[in-house]
There are 2 protein chains.
Amino acid sequence: MGMRYPFLLTASALLIGAVPPKLLTPNDIVADAPASAWRTIPANDLLVMDLANGGRVVVQLAPDFAPVHVANIQALARANYWNGATVYRVQDNYVAQWGHNESDKPWPAGVTPKPPAEYTRPLNGLKITPLGSPDPYAPGAGFSGGWPIAYSAKEGWADLVHCYGTVGVGRDLSPDTGAGGELYAVIGQAPRQLDRNIAIVGRVVEGIDRLSTLPRGTEALGFYKDKAQYVPIASIRLASQMPAGERPSYEYMDTDSATFARYLHVRANRHDDFYIRPAGGVDLCNVQVPVRKKS
Amino acid sequence: MGMRYPFLLTASALLIGAVPPKLLTPNDIVADAPASAWRTIPANDLLVMDLANGGRVVVQLAPDFAPVHVANIQALARANYWNGATVYRVQDNYVAQWGHNESDKPWPAGVTPKPPAEYTRPLNGLKITPLGSPDPYAPGAGFSGGWPIAYSAKEGWADLVHCYGTVGVGRDLSPDTGAGGELYAVIGQAPRQLDRNIAIVGRVVEGIDRLSTLPRGTEALGFYKDKAQYVPIASIRLASQMPAGERPSYEYMDTDSATFARYLHVRANRHDDFYIRPAGGVDLCNVQVPVRKKS
């Protein structure tokens, strides 16, 4: 009987008196991730917004979820549509919004003025890592292709969701979907009620603090009262438009990887030094997919 | 048969050709709330922080959830403990933190240096309005006494939760709970993993943007690198310490009221003009309990 569970006995014996294993934080897992867990973001999918004050905000576009809107944004960038654009709306705990603020500036070639409502896409074809916790807004929640998503297996749809840093397309009342000239980024608690009601086109991968620290607008919905308050934008370009030596590059963690599965598990079960009660669950928007700069 | 459902027939007839009823937004419900739906916050439970730059941040304390920590904070305010204090940590999408940054300034009289771990309280005695949507962090979620809470009926506990604007007490590693000299406010996505791991003592009811717009610290955890970056605090007082004519006063919506139930329902089912797909559910931290200034 003494030899019945030798492996367990040995393992137990090893632990007694030994240094206990370090309890990993999510950051530890990201730092230790193998190169194979990372995917480079294509330069065509990086929208680089330089503010006139020197701040840079970089958005990763999501062509797999809103292809017509993303193609519009890429066409607008290539046509320098945003010359003279500004950040004109910053609402605390909600969004910062930029563009030409409903000007009637004509659309350049290649822009679809009235895109379809790309608020969901077919679930079919997506590989999904489930969140493993209940989601108040959709039957299913998880990650696919590096993005947080919600989905319904029964109805066959999936959608990108509104988390901190999510970028979407401003629109007027339905059925308008917005062409892509006016964009917003979430700077507060995830406004998930917007999911499936507006086109999400990406997420901020660098410099969200350049938007989240802007003064809040005092008009309704956080619009700035005076044009003098508008925050000037020096340029909005695709990384692919920039000289090769100046292009920033980023990689995101493959959400199908074993490393991401461990990261997700630890996000839901923090047990490192500070924590005394792991939650045993986690909100979709509280699991930010790791993104890091390559160059 | 024509008279079988006269009321329904009449109502239907009235709708045809008539102006459809306005679909209410959450703000509409708040604006129309009767006086009976509001509760005044006691002046002893309002902590008024005036920044040296003129900004004011007001915190409602929660003595029903963390009585010893709240009593400490009230004693610290009365003793002018925070003279010379600063905001010394601002981490994007997480927290802003203020106090004396781990100085060894002695505690004034009336402060319990090592408070108990008031991370939960007995569920017994609380009247709860359930959220009605699943919560990833706890068996139950809802509202009680004007606060968002999580709870376990089985285990008999309830706790305040970390939402945007929640205020808690900084601490070192467990079993330390912090005395209350160092406070933080959430300025990003709800860090619910902190629930039941740290003492929550209140929420910001005015001026959270004075914290959320501060420059982010560049050191680990968002600490400012240089003391020159610290944001000076002119004073932290209870409203009850201020001259009667200068005291700000606030009221919150009674979360047991029929008005709040309607507000909660509409937050989970937005169907006003902009929305085409109501979510049918809502996150606990996406239902901010309405608070408004009285004077």
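The model is predicted. In chain A, eight strands close into a barrel. Chain A and chain B bury about 3,900 Å² between them. Over all chains, the count of disulfides comes to two.

**Barrel of chain A**

- The barrel strands follow the order β2-β3-β13-β11-β12-β5-β4-β14 in chain A, and their pairing is antiparallel.
- On average, neighbouring strands of this sheet are turned by 35 degrees against each other, with direction ignored.
- Strand β4 (residues 86-90) of chain A is joined by two bridges to strand β14 (residues 231-238) of chain A, and the two run antiparallel.
- Within this pairing, Thr86(A) stands opposite Pro232(A), a residue of β14(A).

**Helix α3**

- In chain A, helix α3 (residues 67-78) lies across β2 (46-51), β3 (56-61), β11 (166-169), β12 (183-186), β13 (200-206) and β14.
- The helix α3 of chain A runs at about 105 degrees to β14(A).
- In chain B, helix α3 (residues 67-78) has 12 residues, which at 1.5 Å a residue should span 16 Å; the end C-alpha atoms are 16 Å apart, in agreement with that value.
- Buried residues of α3(B) are His69(B), Val70(B), Asn72(B), Ile73(B), Gln74(B), Ala75(B), Leu76(B) and Ala77(B).
- These buried residues of α3(B) pack against strands of chain B, namely β2 (46-51), β3 (56-61), β11 (166-169), β12 (183-186), β13 (200-206) and β14 (231-238).

**Disulfide of chain A**

- Cys163(A) and Cys285(A) form a disulfide with their sulfur atoms 2.0 Å apart.
- The disulfide of Cys163(A) and Cys285(A) is left-handed because the torsion about its S-S bond is about -75 degrees.
- Cys163(A) and Cys285(A) are both buried.

**Disulfide of chain B**

- In chain B the disulfide is formed by Cys163(B) and Cys285(B), with sulfur atoms 2.1 Å apart.
- This pair also links distant parts of its chain: Cys163(B) sits in the loop between β10 (157-160) and β11 of chain B, and Cys285(B) in the loop between α5 (258-268) and β16 (291-293) of chain B, 122 residues apart.
- The link of Cys163(B) and Cys285(B) is left-handed, with -75 degrees about the S-S bond.
- Cys163(B) has a relative accessible area of 7% and is therefore buried, and Cys285(B) counts as buried at 4%.

**Contact between the chains**

- The contact takes 45 residues from chain A and 45 residues from chain B.
- Of the area of about 3,900 Å² buried between chain A and chain B, 52% is on carbon and sulfur atoms.
- Gln189(A), Phe274(A) and Arg277(A) supply 18% of the area that chain A buries against chain B, more than any other three residues.

- Ile41(A) is located in the loop between β1 (38-40) and β2 of chain A.
- With a relative accessible area of 3%, Ile41(A) is buried.
- Apart from neighbours within four places in sequence, Ile41(A) is in contact with Leu46(A), Gln60(A), Val205(A), Tyr250(A), Glu251(A) and Tyr252(A).
- Ile41(A) and Val291(A) lie 250 residues apart in sequence, and their C-alpha atoms are 9.6 Å apart in space.

How values were computed:
Residues are numbered from 1 along each chain as its sequence is written. Chains are lettered from A and ligands numbered from 1 in the order in which they are written. This is a predicted model: local features need pLDDT of at least 70, side-chain atom pairs count only at pLDDT 80 or more; totals for chains, interfaces and linings use all residues. Side-chain values use heavy atoms; hydrogens and water are left out. Helices (H or I, at least four residues) and strands (E, at least two) are DSSP runs, numbered from the N terminus. The expected span of a helix is 1.5 Å times one less than its number of residues. Buried means under 20% relative accessible area, exposed over 50%, partly exposed in between (1.4 Å probe, protein chains only). Contact means heavy atoms within 4.5 Å. Two strands pair if DSSP finds at least two bridges between them. Axes are lines fitted to C-alpha atoms, for helices over the stretch in contact, and angles run from 0 to 180 degrees between N-to-C directions. A disulfide is a pair of cysteine sulfur atoms within 2.5 Å. Buried area is the accessible area (1.4 Å probe) that two parts lose on being put together, summed over both.
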